[in-house]
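Hi,

Here is the structure I promised to pass on.

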Amino acid sequence: MFLRKYLIPRLIQYFLVIFLGITIVFFIPRLAPTNPVERTIAEIRSRGTYLDPAHIQAMVDALTEMYGLSGSWLEQYKDFWVRLFHGDFGVSFFQFPTPVITLIKNALPWTVGLLFTTTMLSWLFGNIVGGMAGYANNRFWSKILDFFAMFIRPIPYYVVALGLLILFGYVYRVFPISGGATIGHRPAWTLAFVKDVLRHAFLPAFSMVLLGGASWFQTSKLVVQNVKAEDFVQYAQLGGIRERRIMFRYIIRNAMLPQITNLALSLGQILSGALITEIVFSYPGLGHLLYSAISTGDYNLIMGIITLSIVTITTLVLIVDLVYPLFDPRIRYK
Amino acid sequence: MAFGSTLRDLFRDYRFVVAFIVLLFLVTLAVMSFFSPYDPTLWYYAPRDLRPSNEHILGTDSRGQDIFWQATFAIRNSLIISLVAGVISRIIAVVVGLVAGYQGGRTDRVLMFISDGFLVIPLFLILVMLAMLIRDKMNIVNTGLLLAVFGWAWDARVLRAQVLSLREREFTKTAVLSGTPTLQLVFKEYMPYITPLAFSTLINNMSWAIGMEMTLSIIGLTNMDIPTLGTNLKWALNYQAILMRRWYWILTPVTLSVLLFIALYWMSVSISEYLDPRTRVQRVGGE
């Protein structure tokens, strides 16, 4: 029953979203009024390089091949999928002969590290503190935190990151202003290197935890205020169960469950936020790579990053959805 | 009458009052741009890198432009972009929400599948890709339209949920049984319930659009000749304003945008709390 009613439709949806997402990524550059090949040539020329017509024609042919733009759309489309299954996104333009997949592989650990730690930290932190604030919603500290969240919440990732960068990178020079590690340090599992990486990661991570935490705080506080009014809580209070136990075991645990679904729904936004934060701090992950790809007009690299992100995020959402019943005994996919 | 008392209730909330005053201030700035003595597209009409003085309230930047007057244009254009994006995406969201909620069945499943897809996929990346390809054609209206295409999915879900609950109400059955045409039912009877909700999501969406425009500008995907909060910031960054410690230049767009985001958010929170009958009771109290 679980298979037919829930798992199979959910899997169909998963593959359909990936299929459509990647199809869109394939068609956007082809439907757009500007041709990526012409754009690249124009960009090279605008840098002041003189090119004679024969050269230009040779470049057009080479670029058309490189971008996978030769042949009819149907052939290109088939070719695109075949290459995708082999993990081949073509070669990068801005670091010329390097394949896109190598560049992505080098950048990925940074982004995954930053994204995973900050998402978990802000989710746990925001939910627990938000839950406590919701339980004690008449207390002074709860109101102060709520007020603080009202200021942080609406500000976009970019502005928060920039603000922190100016404050702690330039005005008070506490933290390094760019990069993932000091240049010249060889990556190794030494204490000095780990410390260096952590020091570089602090500001980007802090700005993401601050923003993410504020929004989890608010939703969690709201949910807890509602759960608090339910009968079983009153029953527990009348039964003389200790406050701490009621708060953590009875209320916050219950309130955290719907937040798992919310986490799945906001993963796409969190990824976008991480990419933007990386751009501000020149953090050597996918966001920074994307930025270089945009400023040099590197279509293969952009398509590689976007395709990979779509697959990763939809897969993560699927995993969270499927794992959810393990946490919530009330839900059994019958 | 009803409108007046609604406003009076809203003004009971300090957040609404603060948001209203800040927005009024920002809109005044935007209107002042029409009386600007300078053309925002020109460079070097003033000496470069001046400190604030009587002549140039916030000083001038490295492009020889007056920071204050440039900021007034920026707010105006950012507000226009966000209004275009907000209004158009509201229209999409309302239509999708109404049709999905009222029709139900297969139509509902297909529409909700599409909006789920929009929610799951990292939209920012698709937006970046599109913006990159139409970079040459990015004016204020196109930027707004581009953002509108991506900003409706979540709110369509919210509106659909509202319609689903309206459909179960008594008056729907009465209307259907007495032969009211579907369109008339939906537009005449449901709209009064949908409109306030759409309005409160409009404010959130405008805020999102302004932030997104800033992000796209920073990555260099909008037209840098049109002053917006995003391009103002981007120019300051391009000229290393942080490194040169030219705080007036960099902090003007940052401060203005932070004020704008907070004001819009507070207003939307205040309005949606007012719309929710459970929280409205607390505010209006026993009166």
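B:Asp49 is partly exposed, because its relative accessible area of 36% falls between the 20% and 50% cut-offs. This residue sits in the loop between helix 2 and helix 3 of chain B, and its phi is near 50 degrees, a positive value in a residue other than glycine. Keep in mind that this is a predicted model.

Now for helix 3 of chain B, which runs over residues 67–103. At 1.5 Å a residue, its 37 residues should span 54 Å, and the C-alpha atoms at its ends are 53 Å apart, so the two agree. Of those 37 residues, 27 are buried, so the helix is largely enclosed by the rest of the structure. At its start, a side-chain oxygen of B:Asp66 comes to within 2.9 Å of the backbone nitrogen of B:Phe68. Just after the helix, B:Gly104 takes a positive phi of about 65 degrees.

While you're in chain B, click on B:Asn232 in helix 10. Is this residue buried or exposed? Its relative accessibility is 10%, which is under the 20% cut-off, so B:Asn232 counts as buried. Leaving out residues up to four places away in sequence, B:Asn232 touches B:Gln70, B:Ala71, B:Ala74, B:Pro227, B:Trp249 and B:Pro253.

Last, the interface. Here 46 residues of chain B are in contact with 49 residues of chain A. The area buried between the two chains is about 4,300 Å², and carbon and sulfur atoms give 80% of that. On the chain B side, helix 2 (14–32), helix 4 (105–120), helix 5 (123–133), helix 9 (182–219), helix 10 (229–238) and helix 11 (247–275) each supply at least two residues. Helix 11 gives the most, with eleven residues. By type, the residues of chain B that touch chain A divide into 34 nonpolar, five polar and seven charged.

Cheers

Conventions. Residues are numbered from 1 along each chain as its sequence is written. Chains are lettered from A and ligands numbered from 1 in the order in which they are written. This is a predicted model: local features need pLDDT of at least 70, side-chain atom pairs count only at pLDDT 80 or more; totals for chains, interfaces and linings use all residues. Side-chain values use heavy atoms; hydrogens and water are left out. Contact means heavy atoms within 4.5 Å. Buried area is the accessible area (1.4 Å probe) that two parts lose on being put together, summed over both. Helices (H or I, at least four residues) and strands (E, at least two) are DSSP runs, numbered from the N terminus. Ala, Val, Leu, Ile, Met, Phe, Trp, Tyr, Cys and Pro count as nonpolar, Asp, Glu, Lys and Arg as charged, and the others, Gly among them, as polar. The expected span of a helix is 1.5 Å times one less than its number of residues. Buried means under 20% relative accessible area, exposed over 50%, partly exposed in between (1.4 Å probe, protein chains only). A polar contact is a pair of N or O atoms within 3.5 Å; within protein, one must be able to donate a hydrogen and the other to accept it, and residues adjacent in sequence count only if both atoms are side-chain atoms.
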